[in-house]
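Biologist: I would like to learn how to read a structure feature by feature, with the general idea of each one before the particular case. Could we look at one together?

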Amino acid sequence: MLRHEFQPGKLVGGIFLIAAGVVYAGDARGLWQTPWFVGVPLVVGGLCLAGVVAGLNAAVRRRRRARRGGIREPRAEGVG
């Protein structure tokens, strides 16, 4: 049984933030040279994509719930 619902928007946002961290960590270690302006589009683009994915996820869940007749599944205790 899942303890919480899967949220793909947070997953996408986290992947892009980790990628930005890896890019700058590689620059700090001297493995490659990274221009200062690379991180901004990476982070902003990742957050925008995460927002789109979260919106699509909400739309799909809303449509599935409406198709079932509006009955929500019981939530786990302490999740809210």
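Biologist: Which residues does Val-43 touch, not counting residues up to four places away in sequence?

Modeller: A contact means that heavy atoms lie within 4.5 Å, and, leaving out residues up to four places away in sequence, Val-43 touches Leu-17 and Ala-20. Val-43 is found in helix α2, where helices (H or I, at least four residues) and strands (E, at least two) are DSSP runs, numbered from the N terminus. Before we go on, note that this is a predicted model, in which local features need pLDDT of at least 70 and side-chain atom pairs count only at pLDDT 80 or more, while totals for chains, interfaces and linings use all residues. Residues are numbered from 1 along each chain as its sequence is written, and side-chain values use heavy atoms, with hydrogens and water left out.

Biologist: Is Val-43 buried, partly exposed or exposed?

Modeller: The general idea is a relative accessible area, found with a 1.4 Å probe and with protein chains only: buried means under 20%, exposed means over 50%, and partly exposed is in between. Val-43, at 25% relative accessibility, counts as partly exposed.

Biologist: Which residues of α2 are buried, and what covers them?

Modeller: The buried residues in α2 are Gly-39, Gly-46, Ala-50 and Asn-57, and what covers the buried residues of this helix includes α1, residues 8-29.

Biologist: What span should helix α2 have, and what is the distance between its ends?

Modeller: The expected span of a helix is 1.5 Å times one less than its number of residues. Helix α2 runs over residues 39-67, and its 29 residues should therefore span 42 Å, which agrees with the 42 Å between its end C-alpha atoms. After α2 comes Gly-69, whose phi is positive, near 95°.

Biologist: How should I read the chain as a whole, and how many helices and strands does it have?

Modeller: The secondary structure of the protein chain comes to two helices and zero strands. Of its 80 residues, 14% count as buried. Among the contacts with a separation of 6 or more, 54% are between residues 24 or more positions apart.

Biologist: How many salt bridges are there, and which side chains meet?

Modeller: Side chains of opposite charge can pair when their charged atoms come close. The rule for a salt bridge asks for a side-chain nitrogen of Lys or Arg within 4 Å of a carboxyl oxygen of Asp or Glu, and by this rule the count comes to one. In that salt bridge the side chains of Glu-5 and Arg-61 meet, at 3.8 Å from N to O. Glu-5 lies in the segment before α1 and Arg-61 in helix α2, so the pair ties together parts that are 56 residues apart in sequence. Glu-5 is partly exposed at 40% relative accessibility, and Arg-61 is partly exposed at 31%.

Biologist: How many aromatic pairs are there, and which rings take part?

Modeller: A pair of aromatic rings is described by the distance of the centres and the angle of the planes. Rings of Phe, Tyr and Trp (its six-membered ring) pair if their centres lie within 6.5 Å, with planes under 30 degrees apart counted as stacked, over 60 as edge-to-face and the rest as tilted. By this rule the count comes to one aromatic pair. The rings of Trp-36 and Phe-37 have centres 5.7 Å apart and planes at 90°, so this pair is edge-to-face. Trp-36 is exposed, with a relative accessible area of 70%, whereas Phe-37 counts as partly exposed at 47%.
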